[in-house]
Amino acid sequence: MMVDLQKRIIGGQKCERRYHVRLRGVAADGSSSLCGGSLISQRWILTATHCLEPGRTIFADLGVLLGGAAQEVQITRKPVIYTDKDNNNSDRFHDLMLLQLPGNSNIQPVALPDCGDQPRIAEIAGHAATCGGLNDRRKPGKSQTLHCTDIKVVDCEDLRHTLLEKAPKVYQVKMYQHWFCGQSPGVDICYGDSGGGVVHKDKIYGIISFLGDPRYVCRKAAAFMDLCNPQYAAWIKRTIA
């Protein structure tokens, strides 16, 4: 008999973050993809680059609270993606993207990080769902309710080794980017949580980027883009100024 346990942000519970944004990429046929994001100013949403899919229109649901209706806003301006150059002077894309709202929001944004006080435990949040069934295999899903949980910040060496050994092409893309890792027993991120903020003391330190294990839950650390990287921090401040 298969046990089917549906959870959001595995190991989490219902929560509220006024600055959390639910992002939907809507295709011409009406199908949609799901990501998270965070308001870091009245006008700008910080999320993950891979949430941008060709041919899809991005809608941002603002002010998603328990029992309340969200404000839907279409993103019409061109996304701003962090890039740098490789040794051949070709663009390299990092998993950090800023989306500009058409007008100012009245929602209080999350504060940028205090990089002199980086957390050992942080809170992650998302609207995705996963079903841990037989052998803890992943199963995608969606939730109308935001779920949050704490996760311990851990060393990324094991995840780097796993990528290098089992997914060398992925490793080549990830190795030049700056990320940190989180792992706690019974806690994990899910498909659709990407782009959500990694927060400590009401400050955002990371962006949910990728799963440590795409097939099974709670077996590998998750990876978060590191907003305390000096280049990333300078780019964010310069873009939203």
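The legends below describe close-up views of a predicted model.

**View 1. Division of the protein into two domains.** Domain 1 comprises residues 20–109 + 231–240, and domain 2 comprises residues 112–229. Between the C-alpha centres of domain 1 and domain 2 the distance is 18 Å. Domain 1 contributes 26 residues to the contact, and domain 2 contributes 28 residues.

**View 2. The open sheet of seven strands.** Read across the sheet, the strand order is β7-β6-β3-β4-β5-β9-β8, and the pairing is antiparallel. Strands β7 (71–74) and β8 (80–85) form the edges, each pairing on one side only. On average, neighbouring strands of this sheet are turned by 35 degrees against each other, with direction ignored.

View 3. Strand β6 covers residues 57–62 and pairs with β7 in the antiparallel sense. The pairing of β6 and β7 runs over four bridges. Aspartate 61 stands opposite glutamate 72, a residue of β7.

**View 4. Helix α3 on the sheet.** Helix α3, residues 230–240, packs on the sheet. The strands touched by α3 are β5 (44–47), β8 and β9 (91–100). Between the directions of α3 and β9 the angle is about 40 degrees.

**View 5. The largest cavity and its lining.** The model has one cavity of 30 Å³ or more. The volume of the largest cavity is about 60 Å³. Its lining consists of Leu23, Arg24, Gly25, Ser33, Leu34, Cys35, Cys51, Ile58, Met97 and Leu99. At least two lining residues come from each of β3 (20–26), β4 (32–39) and β9. By residue class, the lining of the largest cavity holds seven nonpolar, two polar and one charged.

**View 6. The largest pocket and the residues nearest its centre.** The volume of the largest pocket is about 660 Å³. The pocket is lined by 31 residues; nearest its centre lie Tyr191, Phe210, Leu211, Asp213 and Pro214. Two or more lining residues are given by each of β4, β11 (140–154), α1 (157–166), α2 (168–174) and β14 (203–210).

**View 7. Composition of the pocket lining.** With four residues, α1 gives the most to the lining of the largest pocket. The lining residues of this pocket divide into 15 nonpolar, eight polar and eight charged. Both domains take part in the lining of the largest pocket: at least three residues come from each of domain 1 (20–109 + 231–240) and domain 2 (112–229).

Technical notes:
Residues are numbered from 1 along each chain as its sequence is written. This is a predicted model: local features need pLDDT of at least 70, side-chain atom pairs count only at pLDDT 80 or more; totals for chains, interfaces and linings use all residues. Side-chain values use heavy atoms; hydrogens and water are left out. Two strands pair if DSSP finds at least two bridges between them. Axes are lines fitted to C-alpha atoms, for helices over the stretch in contact, and angles run from 0 to 180 degrees between N-to-C directions. Contact means heavy atoms within 4.5 Å. On a 1 Å grid over the protein atoms alone, a cavity is a set of points where a 1.4 Å probe fits but cannot get out, and a pocket is an open set with protein on both sides within 12 Å along at least five of seven lines; lining residues have an atom within 4 Å of a point. Grid points are joined across faces, edges and corners, and a volume is the space filled by probe spheres set on the points. Ala, Val, Leu, Ile, Met, Phe, Trp, Tyr, Cys and Pro count as nonpolar, Asp, Glu, Lys and Arg as charged, and the others, Gly among them, as polar. Domain bounds come from an automatic or database domain assignment.
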